[in-house]
Amino acid sequence: MYKGTSADQFFQTDAEQAKRERRAAKAGNKSGNPITLKSKLLAAIPDPTNPSCLLVAESAGSVRRVNVDTGDTKQVFRGPSAPVTCVAVGGPGNNTIFAGSWDKDIWSWDLATKAPGRKYSGHSDFVKAIVTAKLGGKDCLISGGADKKIMVWDLENGSRLQVLQDQTVSMMAIQDLVVDPVQSGPDEVILISASSDPHIRQWRIRPDGYEQIKEMSPDEPGAVRHTILEHDTTVYKVVFDSENEDVDLWTSSGDGTAKCLSRLKGFTCDDSFHHGDHVRAVAVTDQWVLTAGRDEDIKIWNRSSGKLYCTLEGHYDEVTDLVVLDGGKRVVSVSIDGTVRTWPLGQAELDKVNKEKEDRAKGVEKETLAEAPKGLMTAEEEAELAELMGDDD
């Protein structure tokens, strides 16, 4: 057990202390041209008004506009006194920004003026996910919370239109929501929800009610499956692939995998990528599949072969979200470490990353050999030194 000098370090296991020291040593790296903010970053989306900007959810209780090209971070949307967990843009003219918070409310602002708008109150626990949609001609907001409920809101008057709950399979805290761009229409929204249980649910939402959508079971002819069950534990992210004509569903999970669920096969697994730790985010381009999460690295997989092509190292705490910019030419990552990092996705640029990593590995090997050339110490002297070093532990 390690005893630190500050209050938050007073009692730490050796593993915790080693992790803290490793992260401190890694914190100064400049990989991905980091933009450093002062709080933990919990989510991010593209800014529809500027292709160089993100809207980032901060644990400090705000949403911050970050320009990844200029480094400008001065525009902040403030209001909540608790962490902001999720962010969305919608409403008339796509000109309203929404933020879900630990304070159980959903806040809103004018995207252009930053003027505060309506606040939506109804959840009994943290708001974890929000999306916007059109339903029967109305602008709507859909939210999911740690209270295990999905709520549909009328943006204009702030009224709660519907509360969605699974009556058959127990649903845990909502982790993510996404609207199906293929099946949704003017009079109904097809919503996909992910939660802390491994079940992915499909919902048909109409102005006068809702129902859960069931799929034919891929394992039992004639049988129906109530939910999409392709992961072993928490599903953190669900995203539709707009680059593919079938617009398949991609998912990431605490089971260490990201998966492509084929629309044509009833959203059953068509491909799986084994990242190796809790996968908090997944993104796709026409060439790459990108995964990131608890292990701090961003892994880039060749979409055609399914093989790992490159690993981007730079973050020193959990990566919470990935945003693809410029039509797949670069990706931006945000993390608990408080940094926003931008990574080029051109194959030549990724080859350069791989080459630099190989060169560093060779350099370390050569340096080690130079420091301890063969024959400098006898075998007996080496054994004696190892024994002395062991006594120091």
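**Exercise 1.** Is R64 buried or exposed, judged by its relative accessible area?

*Solution.* The model is predicted: local features need pLDDT of at least 70, side-chain atom pairs count only at pLDDT 80 or more, and totals for chains, interfaces and linings use all residues. Residues are numbered from 1 along each chain as its sequence is written, and side-chain values use heavy atoms, with hydrogens and water left out.

Step 1. Buried means under 20% relative accessible area, exposed over 50%, and partly exposed in between (1.4 Å probe, protein chains only).
Step 2. R64 has a relative accessible area of 16% and is therefore buried.

**Exercise 2.** Determine which side chain R64 meets in a salt bridge.

*Solution.*
Step 1. A salt bridge is a side-chain nitrogen of Lys or Arg within 4 Å of a carboxyl oxygen of Asp or Glu.
Step 2. The partner of R64 is E58, at 3.1 Å from N to O.
Step 3. E58 is buried as well, at 1% relative accessibility.
Step 4. By this rule the count comes to 24 salt bridges.

**Exercise 3.** Describe the salt bridge between K237 and D321.

*Solution.*
Step 1. The closest N and O atoms of K237 and D321 are 3.3 Å apart.
Step 2. K237 lies in strand β20 (residues 235-240) and D321 in strand β28 (residues 319-325), so that the pair links distant parts of the chain, 84 residues apart; strands (E, at least two residues) are DSSP runs, numbered from the N terminus.
Step 3. D321 is buried, with 5% relative accessibility.

Technical notes: Helices (H or I, at least four residues) and strands (E, at least two) are DSSP runs, numbered from the N terminus.
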